[in-house]
Each structure stands twice: as C-alpha cells, then as structure tokens.
Amino acid sequence: MNIAILGAGAMGSLFGGLLAEAGQRVVLLDIDDAHLAAIRDAGLRLDTDAGSRHVSRLAACRPEQASEAPDLLIVFTKTLHTGQALAAVERLLAPHTLVLTLQNGLGNVEAVGRHVRQERILVGMTTWPADLCGPGHVRSHGQGLVRLMPLVIQQQQAAARVAEVLNLAALQCEVDAQAWVAIWEKVAFNAALNSLCAVTGCTVGQLNAAPEGMALARAVVAEVVATARSAGVAADAAHCMASVAHALAHHAGHKPSMLQDVLAGRRTEIAAINGAVVAQARRAGIAVPNTEMLLGLVRLVEARAVEHS
Ligand code: NAD
C-alpha cells in the first residue's frame, strides 16, 4: 500500500517506520526540517522491544513537496495542527485515498471532514506509546493496539484492508463498531491524567502523593463518562479507572504529553480533550465542574507561557 503519514513526530514516525519495515511504501510528511533531514541522511532510528535499528526504506519531505497520491493518509499531527496540515496535502488526495485519524481527543472527524469526504474517513484510537528522542530518533516500549472504524458502513471492507496492513506491521489493529467507546474512554483517561499533570507538574505516579490526586481523577472520569453517555456512547467508568490504575502502576515516572508541552512552552491539546468534553456537556445540559476547572487552569498555564515567550 502507498501510505503517507501526515505529522511524523513520535507516533507518525513509529507507525511509518513499522509499516515501511513490513514492506509498505511510506512517505513521512512533516514540517520539522531537522527531523526530515536526519531521516533522509541516516534512516529513522527506531527503538522498540524488538531492538534498535535504522529504517532506511522511508521517504521524508515537507507536505508541500509530496507529489504522489497515497492509498492511505494517516493523520498524526497534534490536534491543533490538523487543519493546516491537511490543507497542504488536499491537492494530493485521489478519489480512492482513505484518510485515517488516530489522534487523541474529540473533533478529529470534523477537522478531517473539512478537507475529505465522509466516505473516505476512518476514525479510531491507539494505545501504542511513542516518544521523539531527537531528530530522526523515535522510541516506543511496551504493547499497544489500534481500534478503528469507517464513518460509513459501505467502507467496512476498505477499513478491514487497512487493519490488515497495520497488522502486517504488528500494530494489533481491529475494525471495531464500538470504536467511539474506545475513543471516549481514552478521552476520559487523558482529561483526567493529562490535565492534572499539566497543571500540577506531577508525573503520573506523583498523582498518588496525596489522596486528592486520585479523587480528582475519578471525578473527571465520571464527568467524561456521563458526557459520553449523553452523546449515545456507552463508555464505562470502571474501565477508564482500570487504565488509570495501570498507568500509575506501570508508568509512574511518565510525564504525559500535555505536561511535556507545558514545560516546553508549547500549546497543548486541551481544546480537543477537556474543551470538547465541556462543549458536549453544555449541549447536553450536564455539569462537569472538575473537567471545566482543569480546562481553565491549563488555558491559563498556556497563556502565561505565550506571554513569557
Ligand atoms: P508529536 O508532536 O511528536 O508529532 C506531531 C508532528 O506533527 C510533529 O513532528 C510536528 O512537526 C508535525 N506537524 C505540526 N504541524 C504540521 C503540519 N502543518 N504539517 C505536517 N506536520 C506537522 O506528537 P505525537 O506524540 O506523535 O502525537 C500525535 C497525535 O497522536 C496526538 O493527537 C497525540 O495525542 C496522539 N497520540 C500520541 C501518543 C504518544 O504516545 N505520543 C499515543 C497515542 C496518541
């Protein structure tokens, strides 16, 4: 399959590298020139549980330099950059091109839908972790999975073909009619842990330093699950809290991406996570005070960083 990865940071490089290793034709599209140059010079250094190696069968360029229509475009920018990134590649998309978003948060279908017809869109989530260690170097340890679905039922076979290609790269993908449950449950997890860590500076494990940490996480999860249910999605609070407990037990030292963004003075994905939950809760007439408070606090932290830059 001819695959383009739009936004080849931590996740895009991981998926692109594994897909290229599995024999697909992959181009990484990004605006980070140092990262692109390092990949073109020496290949992508990929550190996973399978070992450390350089993947050289990868093309890498800026979006505006790409010239071939992909069969599949995987969007892996941060949510706040989706529109700008897709605008640069819209001219490349052929009538048969499928566009898959596995980004965190809500609103990704709407963002992609401004550039792509509904029947070409696949949506899902992934629990694979990845970190960018430096230009041309990505690390991912532990296991993960992908759950995806087409927006229209007629594209079930196309979605199955994409899952098959991802599975050839051992990405543990299933087409799942309940993908929205998985998406919302990950939103609940992120709305709780990411925003709490971003405003407190705590690593995941440090949220256990005082009982208030877990009490707040539980309250946010309950609010997001109630909001999901108002949108007709049967998310499960116990399932979300099991993921939170797993993160505390196995990734205690991890700084969630929102905390990393805050520490680096970058804008975060708060709008797509807590922001989108608050918007849906308002439409449904549900009170989500803890989620809303964390939204406001992260926005304040972001604004302070911009003022100081
Ligand atoms: P990242 O910041 O490492 O990568 C994003 C990349 O997009 C960067 O390389 C950036 O240069 C690029 N980009 C920005 N604007 C662009 C544009 N206009 N055109 C092309 N490229 C552009 O982020 P990430 O950690 O890989 O996360 C990507 C998405 O996946 C996010 O929505 C995140 O929440 C989600 N996610 C991340 C993880 C993880 O462990 N890192 C796990 C699951 C889901």
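Which class does Gln-172 fall into by relative accessibility: buried, partly exposed or exposed?

Mentor: Gln-172 counts as partly exposed, because its relative accessibility is 41%. The classes work like this: buried is under 20% relative accessible area, exposed is over 50%, and partly exposed is in between, with a 1.4 Å probe and protein chains only. Keep in mind that this is a predicted model: local features need pLDDT of at least 70, side-chain atom pairs count only at pLDDT 80 or more, and totals for chains, interfaces and linings use all residues. Residues are numbered from 1 along each chain as its sequence is written, and side-chain values use heavy atoms, with hydrogens and water left out.

Now place the residue. Gln-172 sits in the loop between helix 5 and strand 12. Helices (H or I, at least four residues) and strands (E, at least two) are DSSP runs, numbered from the N terminus. Look at the backbone next. Gln-172 is not a glycine, yet its phi is positive, near 55°. Most residues other than glycine have a negative phi. Ala-170 also has a positive phi, about 60°, and is not a glycine either. Its loop runs between helix 5 (156–168) and strand 12 (173–175). Ala-170 is partly exposed, at 46% relative accessibility.

Contact means heavy atoms within 4.5 Å. Gln-172 is among the residues that Leu-145 contacts, once neighbours within four places in sequence are left aside. Leu-145 lies in the loop between strand 10 (137–139) and strand 11 (146–150). Leu-145 has a relative accessible area of 27%, so it is partly exposed. From C-alpha to C-alpha, Leu-145 is 25 Å from Ala-198, and the two are 53 residues apart in sequence.

For contrast, visit a buried residue. Asp-261 belongs to helix 9 (residues 257–263). Its relative accessible area is 3%, so Asp-261 is buried. Beyond residues up to four places away in sequence, Asp-261 touches Lys-78, Arg-266, Arg-267 and Thr-268.

Next, the rings. Rings of Phe, Tyr and Trp (its six-membered ring) pair if their centres lie within 6.5 Å; planes under 30 degrees apart are stacked, over 60 edge-to-face, and the rest tilted. That rule gives one aromatic pair. The centres of Phe-15 and Phe-76 are 5.0 Å apart and the planes stand at 70°, so this pair is edge-to-face. It joins distant parts of the chain, 61 residues apart: Phe-15 is in helix 1 (residues 10–21), and Phe-76 is in the loop between strand 6 (72–75) and helix 3 (82–89). Phe-15 is buried at 0% relative accessibility. Phe-76 is buried too, at 11%.

Finish at the ligand. It is surrounded by 23 residues, and the closest are Ala-10, Met-11, Asp-30, Asn-104 and Glu-269. Here a residue is near if one of its heavy atoms lies within 4 Å. A polar contact is a pair of N or O atoms within 3.5 Å. A polar side-chain atom of Glu-269 is 2.6 Å from a ligand oxygen. A polar backbone atom of Met-11 is 2.8 Å from a ligand oxygen. For a polar backbone atom of Ala-130, the distance to a ligand oxygen is 3.0 Å. The ligand alone exposes 830 Å², and the protein buries 86% of that. These areas come from the Shrake-Rupley method with a 1.4 Å probe.

Definitions and conventions. A polar contact is a pair of N or O atoms within 3.5 Å; within protein, one must be able to donate a hydrogen and the other to accept it, and residues adjacent in sequence count only if both atoms are side-chain atoms.
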